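Visitor: I am new to this one. Could you walk me through a few of its details?

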Amino acid sequence: MRNLRTTALAASAALLGASCGSERTRSDSTTAARKEMTIAVIPKGTTHEFWKAIHAGAVQAQQELSAQGAPVKIIWKGPLREDDREQQVQVVEGFLTQGVQGIVLAPLDNRALVRPVEEAKRAGVPTVIIDSGLESEDIVSFVATDNRRGGQLQADHMGVLLGGKGKVLLLRYAEGWASTHEREEGLLAELHEKYPNVEVVSSDQYAGATRETAKRASENLLNRFGQDLQGVFTVNETATIGMLLALQDMNKAGKLKFLGFDASPILITAMRAGQLDGIAVQNPMRMGYLGVKTIVDHLRGKQVERRVDTGVILVTPANLDSTAVKDLVNPPVARYLGGQ
């Protein structure tokens, strides 16, 4: 009888211990979920409208997570210019000594940022890549537009605008940028496959990091090929604005079919004025939002997708005022950034 009583007591103690252990585990998990996480969000640059929308999306995620009882603090820091690879490397390295738990990074160069990202992983700081790819497996996830698809949309629309025949040029953006390279290659491949009578007279020139460098490159191309040209392509906000300014100064705006990439107020105004025939538009707010959400989910032990597509559409004068397009071309940045 004593043996039975002893066994029963032991079993009860074991069950009580297991229950307490389970409660402690749940309590520890709840405590971990409530502890504030600090996430570094590092863009390619900080001046263009695209990066402001990325920033706003990151703040939106921060506010939502914090309101749900899972506080997150983001630190936004990046190079001023979109061609300052060394400064972006230094920013990544600097965050490793500042106690951040994770990084959301839009790499300026698909190779130059590999080493600091891999060093971050070894230091226990995981990275989610946004916007532009990185040649490394040491990342949590890649959250970005299908850039090749964006280039294909541009090519298809130009083919229709020109009736399948004409001469066009492509102004590239910068070497080492995986995102714009994918757009350029997708565009050229689509033209070659579907519109063989659309001749690309130049596709090896680069706009550079600023509107000024893009304008100069555009002027050089237009002076060289402008007499026989029917259309032009650009592949990001900076290059598109630079080309627009060159076309305006040379009295060619509206006289050539012109397709660009990314939305900004100056480009929307140009479209309404008949000086721009379309832009492939990403969803940068969603990109910033999902970049932060993905790294936080990973840090809290949730399964995350290795690749997250944030979408791309072609905006033209025909759909510019549609409900689906309005928030993409005029995202509610001020709601989240205020006077920043």
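Here are some questions and answers about rings, charges and helices in this predicted model.

Visitor: How many aromatic pairs are there, and what is the angle between the planes of Phe50 and Trp51?

Guide: Happy to start there! The count comes to 2 aromatic pairs. Phe50 and Trp51 form one of them, with ring centres 4.9 Å apart.

Visitor: Is Trp51 buried or exposed?

Guide: Buried means under 20% relative accessible area. Trp51 has a relative accessible area of 2%, so Trp51 is buried.

Visitor: What is the centre to centre distance for Tyr173 and Trp177?

Guide: Tyr173 and Trp177 form an edge-to-face aromatic pair, with 70° between the planes. Tyr173 is buried, at 1% relative accessible area, and Trp177 counts as buried at 5%. Their rings are, centre to centre, 4.5 Å apart.

Visitor: Which residue lies over the face of Trp177?

Guide: Good one to look for on screen! The distance from the ring centre of Trp177 is 3.5 Å. The residue over that face is Lys44.

Visitor: Over which ring does the charged end of Arg183 sit?

Guide: Arg183 belongs to helix H6, where it takes part in the contact with H5. Its charged end is 4.0 Å from the centre of a ring, that of Phe261.

Visitor: Is H5 parallel or oblique to H6?

Guide: Helix H5 covers residues 147-161 and helix H6 residues 178-194, and their axes are 7 Å apart. The packing angle is about 40°. That angle makes H5, relative to H6, oblique.

Notes:
Residues are numbered from 1 along each chain as its sequence is written. This is a predicted model: local features need pLDDT of at least 70, side-chain atom pairs count only at pLDDT 80 or more; totals for chains, interfaces and linings use all residues. Side-chain values use heavy atoms; hydrogens and water are left out. Rings of Phe, Tyr and Trp (its six-membered ring) pair if their centres lie within 6.5 Å; planes under 30 degrees apart count as stacked, over 60 as edge-to-face and the rest as tilted. Buried means under 20% relative accessible area, exposed over 50%, partly exposed in between (1.4 Å probe, protein chains only). A charge sits over a ring if NZ of Lys or CZ of Arg is within 6 Å of the ring centre and within 35 degrees of the ring normal. Axes are lines fitted to C-alpha atoms, for helices over the stretch in contact, and angles run from 0 to 180 degrees between N-to-C directions. Helices (H or I, at least four residues) and strands (E, at least two) are DSSP runs, numbered from the N terminus. Angles under 35 degrees count as roughly parallel, over 145 as roughly antiparallel, 65 to 115 as roughly perpendicular and the rest as oblique. Contact means heavy atoms within 4.5 Å.
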